[in-house]
Amino acid sequence: MGQDRIDFAAMDGPDALLAPEASVSVDAAVCFLEGPAEDDRGNLFFSDIAGNRLLRRSSDGSLSTLREPSGRANGNTFDAEGRLVTCEGTEQGLDGGRRVVRTDMTTGAVEVLTDRFQGKRYNSPNDVVVDPLGRIWFTDPYYGPHREILEQGAEAVYRIDPDGSVTRVLSQPEIERPNGLAISPDARTLYVVDSHSRPGGNRKIWAFDVDDDGLPRNRRLVVDFGRGRGGDGIRLDSQGHLWVAAGVARPRNDGETDEVPPGIYVFGPDGDPIGRIPIAEDLVTNLTFGGPERTTLYVTAGRTVYRVPVALEGYRLWPGGAS
């Protein structure tokens, strides 16, 4: 005999078969993807923080490992000479490098750009950008539970100059917990994602003017995500729009709600909302523009790398900045 059509979406939980107040939680994370960056041959590099690997998706679609262990690599970007700059943190494992390194993609040689500030190890370098003047900007928050390992007195944003000197350019109270960052093609505007999951914590994007000494000034609010999971990675397109990886499908703690669903959020330069690209994962981590015309958006989210065709050029320093 046949049966009536089942409305699967309306099915309730099998409460009688579950323990009292049972809920689904994560038991183990086998991969956690972050930091996409594409080279001039169409190879996409990205981090698997949980797997402690730096991965490569070749232009022919094949996957391979560039480096393992990776020092718990997180954010990646290319400098103007085609060298891969990587933040090594401590997320998903205390064996991370807690430093910023640069890889010569021809020889494979890895150079440590900085592993300490004023003699103390960094917290967990997270995301990184390089500006047209050759300065490297990176964030150093800490999202783990083991705060006893921390040596720095702040969660901050740093700038590495071409001569190798390092300057702390932002910290509390201007930024509560810095995460993703982006800099305009003229190196005059720095955008910083401020993301703290505590109740009442900042889930905001700030913009700063960068002065002639390379210091961020005149903080202004661009986007406030409220109580939901705010931004993570951020990139700019050729018209100055902000493309932000943000949101979560299920709250992860008492300070976070699900009112910002996972996706890529697009805003005007002053924060005017333009739209959202839904991404079918629990959370979205980062993004980059790629392809020959920089009209492909690559998105890392949980276990998956997504691609989205777009109608305008994204900005990236190398290869080929915005026209």
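In strand 7, Arg102 is the bridge partner of Val85. The model is predicted, so local features need pLDDT of at least 70 and side-chain atom pairs count only at pLDDT 80 or more, while totals for chains, interfaces and linings use all residues. Residues are numbered from 1 along each chain as its sequence is written, and side-chain values use heavy atoms, with hydrogens and water left out.

Strand 6 (residues 84–88) and strand 7 pair in the antiparallel sense, over five bridges. Strands here are DSSP runs of E with at least two residues, and they are numbered from the N terminus. Two strands count as paired if DSSP finds at least two bridges between them. Strand 7 covers residues 99–103. Four of its five residues are buried, and the strand is mostly covered. Buried means under 20% relative accessible area, exposed means over 50%, and partly exposed lies in between (1.4 Å probe, protein chains only).

Strand 7 also pairs with strand 8 (residues 110–114). Four bridges join the two, and they run antiparallel. Val101 stands opposite Val112 of strand 8. The hairpin of strand 7 and strand 8 has six residues between the strands. Within this hairpin, Gly108 takes a positive phi near 80°.

Positive phi values also occur at two arginines. Arg98 lies in the loop between strand 6 and strand 7. Its phi is near 55°, a positive value in a residue other than glycine. Arg98 is buried, with a relative accessible area of 6%. Arg72 is found in the loop between strand 4 and strand 5. Phi of Arg72 is near 55°, again positive in a residue other than glycine. At 11% relative accessibility, Arg72 counts as buried.

The loop between strand 4 (63–67) and strand 5 (73–78) also holds Pro69. A cis peptide bond joins Glu68 to Pro69, with omega about 0°. Another cis peptide bond joins Gln172 and Pro173. Its omega is about 5°. Pro173 lies in the loop between strand 14 (166–170) and strand 15.

Strand 17 (residues 203–210) and strand 18 are joined by six bridges and run antiparallel. The bridge partner of Val210 in strand 18 is Pro216.

Ile6, Phe8 and Met11 make a nonpolar surface patch of about 340 Å². Patches are made of residues with over 30% relative accessible area and no salt bridge; like charges are joined within 9 Å, and nonpolar side chains (Val, Leu, Ile, Met, Phe, Trp, Tyr) within 5 Å. A salt bridge is a side-chain nitrogen of Lys or Arg within 4 Å of a carboxyl oxygen of Asp or Glu. Accessible areas come from the Shrake-Rupley method with a 1.4 Å probe; for residues, only the protein chains shown count as cover. Phe8 is found in the segment before strand 1 (33–38). Phe8 is exposed, with a relative accessible area of 61%.
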